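Here's a quick briefing to read alongside the model below. It covers helix packing and then a pocket.

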Amino acid sequence: MYITGHLNSVFPEEHRKEILRYLYYHQCIFRVLQNDDGGWGLHIEGHSTMFSTALSYICMRILEEGPDDGGQDNACPRAKKWILDHDGVTHMPSWGKTWLSILGLFDWSGSNPMPPEFWILPSFLPMHPVV
């Protein structure tokens, strides 16, 4: 929705608040269960990963949280610190780099090549050209 410029028209303010609340809660619960490192795991009990932390941080920024003072309990600055302390998004898996490149945040030359089969839509999806 953000890429097409329709984020605010598709997700009203209350929905955007709930997305942020989910992210804050996940970071907070993770802090209680594991440690206070400022990151996100792939699931609520997983250790922090670059993929989850970077995408959560970017989601908060897209939803207009500030990089240095944004979010509940300083969620954005804590996530930013985690990313920088772990050598940045260059250590992110291929799919993460691809999403960052789609958003214009990462140069395509830094993304690993993927075979075209990854981009072919399954025929059961309603947006498939044959359906």
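**Helix 3 and its neighbours**

M50, T53, A54, Y57, M60 and R61 of helix 3 touch A75, C76, A79, K80, W82 and I83 of helix 4 (contact means heavy atoms within 4.5 Å). This is a predicted model, where local features need pLDDT of at least 70, side-chain atom pairs count only at pLDDT 80 or more, and totals for chains, interfaces and linings use all residues. Residues are numbered from 1 along each chain as its sequence is written, and side-chain values use heavy atoms, with hydrogens and water left out.

*Helix 3 with helix 5*
- Helix 5 covers residues 94–102, and it packs on helix 3 at about 20°, with the axes 10 Å apart (axes are lines fitted to C-alpha atoms, for helices over the stretch in contact, and angles run from 0 to 180 degrees between N-to-C directions).
- Helix 3 and helix 5 are therefore roughly parallel (angles under 35 degrees).
- F51, L55 and I58 of helix 3 meet W95, G96, W99 and L100 of helix 5.
- That contact has 6 nonpolar, 1 polar and no charged residues.

*The largest pocket*
- There are 14 lining residues, with M1, Y2, I62, W99 and L103 nearest the centre (a pocket is an open set of points on a 1 Å grid where a 1.4 Å probe fits, with protein on both sides within 12 Å along at least five of seven lines; lining residues have an atom within 4 Å of a point).
- Helix 3 (residues 50–62) gives the most to this lining, with 4 residues (helices are DSSP runs of H or I, at least four residues, numbered from the N terminus).
- The lining has 13 nonpolar, 1 polar and no charged residues.

Key
Helices (H or I, at least four residues) and strands (E, at least two) are DSSP runs, numbered from the N terminus. Ala, Val, Leu, Ile, Met, Phe, Trp, Tyr, Cys and Pro count as nonpolar, Asp, Glu, Lys and Arg as charged, and the others, Gly among them, as polar. Angles under 35 degrees count as roughly parallel, over 145 as roughly antiparallel, 65 to 115 as roughly perpendicular and the rest as oblique.
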